[in-house]
Amino acid sequence: MSSELRPPEPWHSFLRDLDDALQATARLDCIGGFVVTQLYGLARPTADVDVIELAPREASEALMQIAMQGGPLHRKHRIYLDRVGVAAIPENYEDRLTEMFPGAYRHLRLMALDPYDIALSKLERNSQKDRDDVRYLSRTVPFSLPTLQERYEAELRWQLGRPDREDLTMKLWMEMLSE
C-alpha cells in the first residue's frame, strides 16, 4: 500500500480505525471541506468528513455510532463523520463519483463528488467559506462556467425550495467566478 494513496494524519488513522470496524465494503459519498482539502489541495482547516450517502444501510448505523461527533473515534482523533441530510445535490451525482485513496483501506471506499457537484451542494447555504471553496475549485479544476450553469439548471434547480433566491445566488456566483 503506497503512502501516496493515504490521506495525511489524523485522517488516515481515523479512517483506518473506521475501516477496522467494518466487516464488509461500505461506501461513503463525501462532499464539503474534506474533499476540497484532501482531493483538490485547498489549505484550510476542517474537522469532519461530510457524508451524503453511507451504504449499505446496515453499515451506516454502526459507523455513525463510533465516528459521529462525540463518538469514540471523534474523542480519539478529534475528527468525525457528519451525515449531511439537508444539502441539495445535483440529480445524477453518483454517475460522476471519484474514489479517493483507492486501495488504502480494506473495506472503506471514500467517494468524492465531482467538483461541479461539490460547488452546487454549497449554493443554498452560500456562506463565505462556501464561496471561498467554490472560487478555489473554479480556479484549480478549472471550471467551465457553462457546464456549472447547465448542471444547475438541469439537475439541481428543480429540487430547491426557493429557486428564485438560488437563481440570484447562482447569478452572483457566475459573476464572481468570471472575475
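This is a predicted model: local features need pLDDT of at least 70, side-chain atom pairs count only at pLDDT 80 or more; totals for chains, interfaces and linings use all residues.
**Entry 1: the core**

I began with the largest nonpolar core, which has 56 residues; Leu18, Leu28, Leu81 and Leu148 touch the most other members.

What does Leu148 touch, leaving out residues up to four places away in sequence? I listed Tyr116, Ala119, Leu120, Phe143, Met170, Met174 and Leu177.

**Entry 2: the sheet**

Next I looked up the strands. I found an open sheet of 5 strands with mixed pairing. I wrote down the order as β3-β2-β1-β5-β4. Which strands sit at the edges? They are β3 (80–83) and β4 (98–100), and each pairs on one side only. From one strand to the next, the twist averages 45°.

Strands of a sheet pair through backbone hydrogen bonds, and the pairing is either parallel or antiparallel.

**Entry 3: the pairs, one by one**

I started with β1, residues 26–31, and β2, residues 48–55. These two strands pair in the antiparallel sense over 5 bridges. Two positions went into my notes. Leu28 stands opposite Leu54 in β2, and Arg27 has Ala55 of β2 as its bridge partner.

Then I turned to β1 and β5. Do these strands run parallel or antiparallel? They run parallel, and 5 bridges join them. In β5, Leu110 stands opposite Leu28. Asp29 has its bridge partner in β5 too, and that partner is Met111.

I noted Thr98, whose bridge partner in β5 is Ala112.

**Entry 4: how covered are the strands?**

Why do I call β1 largely enclosed by the rest of the structure? I do so because 5 of its 6 residues are buried. For β5, I counted 4 buried residues out of 5, and I marked this strand as mostly covered.

**Entry 5: helices against strands**

Helix α3, residues 57–67, lies across β1, β2 and β3. This helix runs at about 160° to β2.

I also looked up His12, which I placed in helix α1. Is His12 buried or exposed? His12 counts as buried because its relative accessibility is 8%, and the cut-off for buried is under 20%. Leaving out residues up to four places away in sequence, I found that His12 touches Arg6, Pro7 and Tyr105.

**Entry 6: the largest pocket**

I finished with the open space. How much space lies in the largest pocket? I noted about 390 Å³. Its lining has 19 residues, and the closest to the pocket centre are Ile31, Asp50, Val84, Arg125 and Asp130. I then looked at which elements supply the lining. Strand β2 and helix α6 (128–140) each supply at least two of the lining residues.

Technical notes: Residues are numbered from 1 along each chain as its sequence is written. Side-chain values use heavy atoms; hydrogens and water are left out. Two strands pair if DSSP finds at least two bridges between them. Axes are lines fitted to C-alpha atoms, for helices over the stretch in contact, and angles run from 0 to 180 degrees between N-to-C directions. Contact means heavy atoms within 4.5 Å. A nonpolar core is a set of buried Ala, Val, Leu, Ile, Met, Phe, Trp, Tyr and Cys residues joined through side-chain atoms within 4.5 Å. Buried means under 20% relative accessible area, exposed over 50%, partly exposed in between (1.4 Å probe, protein chains only). On a 1 Å grid over the protein atoms alone, a cavity is a set of points where a 1.4 Å probe fits but cannot get out, and a pocket is an open set with protein on both sides within 12 Å along at least five of seven lines; lining residues have an atom within 4 Å of a point. Grid points are joined across faces, edges and corners, and a volume is the space filled by probe spheres set on the points.
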